[in-house]
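Biologist: Please take me through the helix packing and the ligand shell, setting each term against its definition.

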Amino acid sequence: MNSELSFNLLLADQSLSADLRAIAEKVRSGDRISFDECVLLYEKAELGYLGILANSIREKRHGDKTYFNRNFHIEPTNLCVYDCKFCSYSVLIKERSDGWEYTMQEMLDIVKKYDGQPVTEVHIVGGVLPQYDVAFYSELFTSIRKHRPDLHIKALTPVEYHYIFKKAKIDYATGMKMMKDAGLESIPGGGAEIFHPDIRVQIAKDKCTGDQWLEIHEEWHKLGMRSNATMLYGHIEEYWHRVDHMEKLRSLQDKTGGFQTFIPLKFRNQDNQMSDIPEVSVIEDLRNYAIARIYLDNFEHIKAYWAMISRSTAQLSLNFGVDDIDGTLDDTTKIYSMAGAEEQHPAMTTQELVELIKNAGRHPIERDTLYNVITDYQNHEFPQEEKPKFYKLPVLN
Ligand code: SF4
């Protein structure tokens, strides 16, 4: 059913409350919804209603187009000076024997493994360690650029940048300029968690504050560069904390226009200090994607990490505002599997990803980091020998 028809049927429903009808009419005419209206959506709106609103925005912006990219991850270390309660990934620095810490050479060797392969991006993010400082990361970025100038370097979050700049006694503007000069091209959305201090202090105390996170992105945007933003939802926060988080992002985006994509991240409760908190349902995941699509009217893209929420939920999410599915091609990332994600070995070939998108009735587009189209796969024929393997069943624990 097309989104216009769905909207008409929704508005014709006499049982729709006046407040939800008013929001639907705003969305239909492209008006921005308010903070309170967004809280109301979280509290009252049913999945079907949210899907109609979010899908109409998604289709107005992108039609059926669904983006993915070919990247690989480098996770320099799982040791960390911080101790975030939700983190299933890090090992405290004092328990060093349980962790890994790559040398510069080891990281460059990972990059070299992809020589000749059609990847367009390296995504670098991990724990925070004192020896990885401004000089280290500058040299790493410069060396990667020198070895492979066409590879887009998307690296580190404000959590790392705040730490290394503070240690080097340089301000954010100077530090981000140094990173840019070294070869950094964009910054991923991590480390945002929930900005509101009442929640942040309980789940991620000591690392950069919400305001500092936003300030680092702002400095980066001022250099004409792009970044992403995330939100860790489904733990101890209330709905209005999520809205507060998105409001801060929407305001900064009004100012700079530097964000490309918003990525809601589901809290997973495996092997961390918040294991007693139940995870939210798939229904809540889809509601959250949809509400993000409705509220963040100045963000071009909403992304789902298929490795985190499973392939089938990722397919469903394409009807709830999501237009981008992250495209890790091999299992170079341990962040999701260690947090209890559905995909314990997140590997998918391009053909598998293309078929996953097509099977959901959407139009697969391979993009680069900045959303330039690399290949339109709608009518693409894969050579015989690349026929898909059977999917591995997820192996838990
Ligand atoms: S979430 Fe990041 S900063 Fe926090 S403990 Fe884990 S690796 Fe360290």
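Modeller: Axes are lines fitted to C-alpha atoms, for helices over the stretch in contact, and angles run from 0 to 180 degrees between N-to-C directions. Helices are DSSP runs of H or I with at least four residues, strands are E runs of at least two, and both are numbered from the N terminus. The axes of H3 and helix H12 (residues 282-295) come within 11 Å and cross at roughly 160°. This is a predicted model, in which local features need pLDDT of at least 70 and side-chain atom pairs count only at pLDDT 80 or more, while totals for chains, interfaces and linings use all residues. Residues are numbered from 1 along each chain as its sequence is written.

Biologist: What makes H3 roughly antiparallel to H12?

Modeller: Angles under 35 degrees count as roughly parallel, over 145 as roughly antiparallel, 65 to 115 as roughly perpendicular and the rest as oblique. The crossing is at roughly 160°, and H3 is therefore roughly antiparallel to H12. Cys38, Leu41 and Tyr42 of H3 meet Ile291, Ile294 and Tyr295 of H12; residues are in contact if their C-beta atoms, placed from the backbone, lie within 7 Å.

Biologist: How are the residues of the contact of H3 with H12 divided by class?

Modeller: Ala, Val, Leu, Ile, Met, Phe, Trp, Tyr, Cys and Pro count as nonpolar, Asp, Glu, Lys and Arg as charged, and the others, Gly among them, as polar. The contact of H3 with H12 has six nonpolar, no polar and no charged residues.

Biologist: Why are H3 and H11 called oblique to each other?

Modeller: The axes of helix H3 (residues 35-44) and helix H11 (residues 239-256) cross at roughly 140° and come within 9 Å. H3 and H11 are therefore oblique to each other. The contact is made by Phe35, Cys38, Val39, Tyr42 and Glu43 of H3 with Tyr239, Trp240, Arg242, Val243 and Glu247 of H11. By class, seven are nonpolar, none polar and three charged.

Biologist: What makes H2 roughly parallel to H4?

Modeller: Helix H2 (residues 18-28) and helix H4 (residues 47-62) have axes that come within 10 Å and cross at roughly 10°, which makes H2 roughly parallel to H4. Leu20, Ala24 and Val27 of H2 touch Tyr49, Leu53, Ser56 and Ile57 of H4.

Biologist: Which residues are around the ligand?

Modeller: A residue is near a molecule or strand if its C-beta atom, placed from the backbone, lies within 6 Å of it. The residues around the ligand include Cys80, Tyr82, Asp83, Cys84 and Lys207. The shell has eight nonpolar, two polar and two charged residues.

Key
Contact = placed C-beta atoms within 7 Å.
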